[in-house]
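Have a look at the picture, then read the points in order.

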Amino acid sequence: MHASARSPDWLRRSSSVTSGRGGAVAAGWVSRSWGPAAAMNFSEAFKLSSLLCKFSPDGKYLASCVQYRLVVRDANTLQICQLYTCLDQIQHIEWSADSLFILCALYKRGLVQVWSLEQPEWHCKIDEGSAGLVASCWSPDGRHILNTTEFHLRITVWSLCTKSVSYIKYPKACQQGITFTRDGRYLALAERRDCKDYVSILVCSDWQLLRHFDTDTQDLAGIEWAPNGCVLAAWDSCLEYKILLYSLDGRLLSAFCAYEWSLGIKSVAWSPSSQFLAVGSYDGKVGGRPRGEAHGQCPSGSDHVASTRPPPQVRILNHVTWKMITEFGHPATINNPKIVVYKEAEKSPPLVLGRLAFPPPRAAAGPLSSTESEWRQRSHWDGHQALQWYLARRSSRNTASQGRARGQALCAAASFPPSPVFHAEACRRQSQPQDRHRGAGLQSRQLLPGDEE
């Protein structure tokens, strides 16, 4: 890690994370003023690469990327505050929690560049070398950066204050394998060792291991701390419905399983009070619960009874017994007449036909020649009739003897049904002038094969 020679004492001071609402909201570069009428005002269009555009946590700044350049704008005025240049094209950006730093990940080069808004002359470059880089994120204190190497061999923790480096081995590549507590004190990491799933809990102050325990999962898909930091939820992959609740010291508090032999958990979300846990499932087409089994218990038998009501998709668990207290369905069709559905309709101004300039009618475009008119009148013929007419017209260019011979051959052929080869050749010759020169009259016939004679 390379930084400026200046002592980074200003990095060590604690910065409180302010929560506020900025004066602008970007949705496709949209600026919104928070007035009584809440009118939406659109700004001018700015260049953007790879959809890399993020507001700072305090809502005061807006960062966007244009290839290898990082542009930081004021959220109220959209004026450029800082402009930084990276070594290569930026593939990921992330603000620190205190909105003082922003990191730019260059995955192709295995580099991370960190920029400061308070001290623009200060910069930091982290090079992972041959290990590569696939992910990069901030720690909650905004003074450490966690880089995940290729193939998830390890996670490297870089300190911006002390320039120290820590390593965490065996991280698992899953849907959500790393999570911090709300207060930023602890880190939970999903690991994979010896074909088994584990969870490690580390202290973020010194990155020391606090607890390490295995999980009763076949393929751990994700972990999530409760907002109060007392319970850790871990769930299995979608192939098996299982969610496990662990305490801070690694004790298994409860396990929940709604059904078997079908796709399982899709998403998990805690309530802000940590009293409820919502579990989204894939059971949109599953309509059964085992006979005699209560909610929150895994089915043990194969005797299933189909449900007569629409199956639920979201289940809510309580924090006391970790049993399901309610469930919410998400049907594809809504039949309740009391439900109000709003639809946004786009209205366009009516067209004034008197102001539109239409092209002149076909009859006023000018008379057609006799040959072109004859060609268009006969365009509805089939392939055999068109070839007869074409050969008759072409025979007039040859000598009288050749014309008489071709006319006799044509009359003899017309008295019998055309052969498949003859009919295919006729269709091919007819389609070529219409496809290449549609509506070109005699010019289309002059481009047919054999006309160069």
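1. Accessible areas here come from the Shrake-Rupley method with a 1.4 Å probe, and for residues only the protein chains shown count as cover. By that method the protein exposes about 27,000 Å², with carbon and sulfur atoms supplying 54% of it.

2. Please keep in mind that this is a predicted model: local features need pLDDT of at least 70, side-chain atom pairs count only at pLDDT 80 or more, and totals for chains, interfaces and linings use all residues. Residues are numbered from 1 along each chain as its sequence is written, and side-chain values use heavy atoms, leaving out hydrogens and water.

3. The protein has five helices and 29 strands (DSSP runs numbered from the N terminus: helices are H or I with at least four residues, strands E with at least two). Of its 453 residues, 38% are buried (under 20% relative accessible area; exposed is over 50%, partly exposed in between, with a 1.4 Å probe and protein chains only).

4. V231 stands opposite S247 in strand 22.

5. Finally, look for L263 in the loop between strand 23 (252-256) and strand 24 (265-270). L263 is partly exposed, with a relative accessible area of 39%.

Definitions and conventions. Pairing = 2+ DSSP bridges.
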